Amino acid sequence: MKTTLAIGVLLCVYPLFVQGDEYYVNWMSMWSEENHGENTPANPHFSPPVYYLNTAADFAAGGTASPELEILAETGNPAPYIGATAGAGLLFPDMGGLDGYAMVAGMITAVPGDLLSALAMVAPSPDWFIGVRDIVLDAQQTYAPFSLYDAGTDSGSEFEAADEDTDPQGLIAPLLPEHGDQFTATYTKKSKKGQPKPLHPIGGITFTNSDGWTFLDDKRTESCGGSKKQSFEVTVDIFWAQDADAIAAGVHFSPGAWQMHEHAKDAFFLPGRVSSPEFKYLTEMGNAAHVVEATANTMLRPPVPTFGNVSDEVEVHAKRAFVTLAHMIAPSPDWFIGTAALDLCPGGEWINQTLTTVLMAMDGGTDVGATYTAKESGRWWESIKANPIGAVGTVSFTPIAKGKKKAGAKSAKSKQKTAKIAGGVVGGVLGLLGVGGGTFALIKRRTNKKNQEAASAPTPAVGASAELVSLEI
């Protein structure tokens, strides 16, 4: 049996294991028609990934798929497999599925030296799945490319082939090269038209110990694929269904800090690390100006809408192709939404289509308050970690082809606006702050018409604190 899964975007990052180190998980999948050819289905995606520690993987080539693995590989339903596998759980709890081309971040708790396996259905497909098997978690960072497998339970040879149970059941086998034609694009240029391209990577997964960020091998070059700069349309989409307490408190988002940086470790926040004093201002008071002043190539950004989406056009330099952003959830003790060290030039090439990552609710680790309006202070400091709120929205980066502009849009240079902080706290900032020579330059800001009224409504002020100056937002 085969099925096509609905893609979900909810993300919650509670670790399944309570003892050990916190590992930051970075899932990068690059399955798309542009990368893998015209045989790619219309809605390429993966089922919710399952992972487990210190249990030998049961999907080695040459083995026989268990009934539970058959269900996962043919339908994408992970529940039976999780129930039958010791220590198994969802890598990204509450997520309905992952887009074929996406970067997703989360956290797990594990011990260096643990064996980790993970797998997910290739959807739609007869019985195909991706996985990583028995990788050893390093004390610093571990990367594993995805492998493609055929579970041997359905004889279909195309993504949307009709059900054809294999009888007798076959063996688990590498999906390539037998079905390589389903994943290989062809050249379109005259000189090579119709010739197969080398197989584009499907993607991979990285596990970084929260204490191991300084060991990331993330050197930037002066160009990505031969290009020094790339323009992107950036869309922030907030879909958070606030609970009654949040609505009663008038919860919204503060102005934010957006950073473009050369090394992932230079992000102004990273899960598992402690907040800097400047970041404490942002997460507790909604004052992003201190982060901007203290961090190179960082700009102050307007608040994102409480619900709905807003889009900008930006230009990114290849040497600073990591992006980190954060906005306070206001009011709150020290909660914020954000993403850290998102790479727009993985493998030395600009992303070639829309890359979407989840905006997770996080806890800054500097205030012990447990409700939106609580302000207790006294925690100096614990590590930045996941917040039970879970996923709040997404941010997407769509590359803009060179020479193309939106209808009626002026040139990037005529739209670019930069400013500098004169010092101190900046209040009610709705413009753009550029630092470091306009490395990350805002070209145009657009708000969905349905959200214009909400986005332009007066924004409540963040509560004051005895030890910090309040920024009115």
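I began with His327 and found it in strand β17, which covers residues 322–330; strands here are DSSP runs of E with at least two residues, numbered from the N terminus. The model I am reading is predicted, with local features needing pLDDT of at least 70 and side-chain atom pairs counting only at pLDDT 80 or more, while totals for chains, interfaces and linings use all residues. Residues are numbered from 1 along each chain as its sequence is written, and side-chain values use heavy atoms, leaving out hydrogens and water.

Next I checked accessibility: His327 counts as buried because its relative accessibility is 1%, the cut-off for buried being under 20% relative accessible area with a 1.4 Å probe and protein chains only.

I then listed contacts (heavy atoms within 4.5 Å). Beyond its neighbours within four places in sequence, His327 touches residues including Phe253, Pro255, Leu282, Arg301 and Phe336.

For polar contacts I looked for pairs of N or O atoms within 3.5 Å, where within protein one must be able to donate a hydrogen and the other to accept it, and where residues adjacent in sequence count only if both atoms are side-chain atoms. The side chain of His327 makes such a contact with the side chain of Trp258 at 3.1 Å, and a polar atom of the His327 side chain lies 3.2 Å from the backbone nitrogen of Gly256.

Last, I looked up disulfides (cysteine sulfur atoms within 2.5 Å) and found one in the structure. It joins Cys224 to Cys345, with 2.1 Å from S to S. These cysteines sit 121 residues apart, Cys224 in the loop between β12 and β13 and Cys345 in the loop between β18 and β19. Both Cys224 and Cys345 are buried.

How values were computed
Helices (H or I, at least four residues) and strands (E, at least two) are DSSP runs, numbered from the N terminus. Buried means under 20% relative accessible area, exposed over 50%, partly exposed in between (1.4 Å probe, protein chains only).
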